[in-house]
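The sequence and the coordinates are shown first.

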Amino acid sequence: MKNTLGRIGCAALALCLMATMGGAAMADVVLSDLDYSNGAYWVAHAERADKPYDVFTVCPTVFYGEEAEDIPHVRIDNPVFRESAAGWLKAVEPVISGGNVYSPLYRQMNAIMLGQHSPEEINALSLGLPRDDVFAAFDYFLKHINKGERPFVLFGHSQGSLMVASIATQLLGDPAYAAYNDMHAATYACGIAVTQSQVDLNPQLHFATGRLDTQAILAWNTTAPSEIASGEYKNFVTWNKDALVINPVNWTRNELLAHSWDNQPVTIAGDEGESLTVRPNALVDMEARLLVVTNVDEAISPKRFPILSRFHGFDVTFFGASIRANIEDRAGMLLK
């Protein structure tokens with residue numbers, strides 16, 4: 001059987017985050033042997049860099065399959081994987097299309113592995129070959145596309161966020177890449193936990209403090225109120241007690257509520273596939289280290305996995321217009 005993952009698929013990688021978000025020191029930067037001068041290894045590669053900044057984005061887990069050649073990592077030329085990666089990119093296009101978009105294919109961990117291995121083994125699988133591929137792609141992007149000539153933004157969700165967070169903390173923290181930090185507008189690591197010890201791997205990086213700071217990393221985990229009240233959030237594999245959190249509506253790190261009228265309405269697919277319009281609010285829970293949305297009916301997203309928030313699949317969707325505007329604002333700070 002081979003199929004792609006829907007709303008929950010972009011979150012499927014989450015199990016691997018349990019071990020990675022603790023902030024332990026990472027290994028040296030390693031580039032895989034994939035040659036990213038080959039256009040076949042990109043799901044998006046802007047034909048002309050005619051916009052003022054670049055967006056390097058990495059897709060989340062989008063593939064589940066039982067074929068031996070796709071275990072533990074999906075083949076780079078698997079047509080179903082390529083189609084699914086393109087589908088995810090189309091879904092987030094309204095958020096990131098203000099820049100020149102570049103999105104590499106990479107040999108991501110097959111979601112089928114989630115039920116077969118320990119968190120430590122999953123961690124090794126996801127922060128091995130997949131990260132090395134993404135590092136090789138970003139190395140090519142820096143040296144042959146961006147060349148330090150334009151601001152760049154890193155953007156991801158779930159497994160993709162794990163990859164871009166590794167770029168911002170580890171690769172850009174390596175002395176060999178230090179000069180490129182000058183054009184790093186921001187990294188949006190949606191749907192994972194990022195800790196200060198991770199951020200400290202790159203002396204030129206900080207966790208965002210507001211709406212406009214650059215050379216910053218931003219992260220949040222969207223959660224439902226019942227999951228906070230019950231304490232079940234402590235079982236989420238994306239949760240870390242030391243996580244740093246920013247509100248993607250008002251871009252603050254305190255418990256100031258961003259009201260629904262501060263956000264834009266969004267149309268989402270309900271559990272039965274029906275179209276629903278919601279206008280989420282957002283609140284940082286400082287004790288739980290999570291982002292809470294209190295005004296969206298939890299029933300629109302029934303609980304499927306005890307290890308994930310029911311709202312994990314909406315980390316980008318709920319706040320798309322705000323994220324797009326903020327990307328443009330932060331990139332614009334480096335264009336002045």
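The text below starts with the overall fold and ends with the ring contacts.

## Overall composition

The structure is a predicted model. Its chain has eight helices and 16 strands. Of the 336 residues, 58% are buried. Among contacts between residues at least 6 apart in sequence, 79% join residues at least 24 apart.

Seven strands make up an open sheet with mixed pairing, in the order 2-5-3-6-7-10-9. Its edges are strand 2 and strand 9 (206–207), each of which pairs on one side only. Strand 2 is joined to strand 5 (residues 100–104) by three bridges in the antiparallel sense. His45 is the residue that faces Tyr102 of strand 5.

Two helices are described here against this sheet. Helix 4 lies across strands 2, 3, 5 and 6, and runs at about 165 degrees to strand 3. Helix 5 (residues 159–171) packs on the sheet and touches strand 3, strand 6, strand 7 and strand 10 (216–220). The direction of helix 5 makes about 145 degrees with that of strand 6.

Strand 11 and strand 16 (residues 290–292) run parallel and are joined by two bridges. Thr222 has Leu291 of strand 16 as its bridge partner.

Strand 13 (residues 266–269) and strand 14 (residues 275–278) form a hairpin, with five residues between the two strands. Gly273, in the turn, has a positive phi of about 85 degrees. The two strands pair in the antiparallel sense over four bridges, and Thr267 stands opposite Thr277 of strand 14. Which face of strand 13 is covered, and which is uncovered? Val266 and Ile268 lie on the covered face, while Thr267 and Ala269 lie on the uncovered one.

## Nonpolar cores

In soluble globular proteins, nonpolar side chains tend to be buried together. The largest nonpolar core in this model has 89 residues. The members that touch the most others are Phe56, Phe138, Phe155, Tyr188, Trp220, Phe318 and Ile323. Helix 4 (residues 129–146) supplies the largest share of this core, nine residues.

Setting aside neighbours within four places in sequence, Ile323 is in contact with Val95, Phe155, Tyr188, Trp220, Trp251, Asp315 and Val316. Another core, of six residues, lies apart from the largest one; among its members are Ile228, Tyr233, Leu290 and Val292.

## Aromatic pairs

A pair of aromatic rings is described by the distance of the centres and the angle of the planes. The whole structure contains 18 aromatic pairs. Two of them are set out in the table.

| Pair | Centre to centre | Angle between planes | Geometry |
|---|---|---|---|
| Trp42 and Phe56 | 6.3 Å | 85 degrees | edge-to-face |
| Phe155 and Tyr188 | 6.4 Å | 45 degrees | tilted |

Why is the pair of Trp42 and Phe56 edge-to-face? The planes of Trp42 and Phe56 stand at 85 degrees, and an angle over 60 counts as edge-to-face. This pair links distant parts of the chain: Trp42 is in strand 2 (residues 42–45) and Phe56 in strand 3 (residues 54–58), 14 residues apart. Trp42 is buried, at a relative accessible area of 6%. Phe56 is also buried, at 0%.

The pair of Phe155 and Tyr188 likewise links distant parts of the chain. Phe155 belongs to strand 6 (residues 152–157) and Tyr188 to strand 7 (residues 184–190), and the two are 33 residues apart. Phe155 counts as buried because its relative accessibility is 0%. Tyr188 is buried as well, with a relative accessibility of 0%.

Ring pairs also build a cluster from Tyr36, Tyr41, Trp42, Phe56, Tyr102, Phe138, Tyr140, Phe141 and Phe152. One ring has a charged neighbour: the charged end of Arg330 sits over the ring of Trp251, 5.7 Å from the ring centre.

How values were computed
Residues are numbered from 1 along each chain as its sequence is written. This is a predicted model: local features need pLDDT of at least 70, side-chain atom pairs count only at pLDDT 80 or more; totals for chains, interfaces and linings use all residues. Side-chain values use heavy atoms; hydrogens and water are left out. Rings of Phe, Tyr and Trp (its six-membered ring) pair if their centres lie within 6.5 Å; planes under 30 degrees apart count as stacked, over 60 as edge-to-face and the rest as tilted. Buried means under 20% relative accessible area, exposed over 50%, partly exposed in between (1.4 Å probe, protein chains only). A charge sits over a ring if NZ of Lys or CZ of Arg is within 6 Å of the ring centre and within 35 degrees of the ring normal. A nonpolar core is a set of buried Ala, Val, Leu, Ile, Met, Phe, Trp, Tyr and Cys residues joined through side-chain atoms within 4.5 Å. Contact means heavy atoms within 4.5 Å. Two strands pair if DSSP finds at least two bridges between them. Axes are lines fitted to C-alpha atoms, for helices over the stretch in contact, and angles run from 0 to 180 degrees between N-to-C directions.
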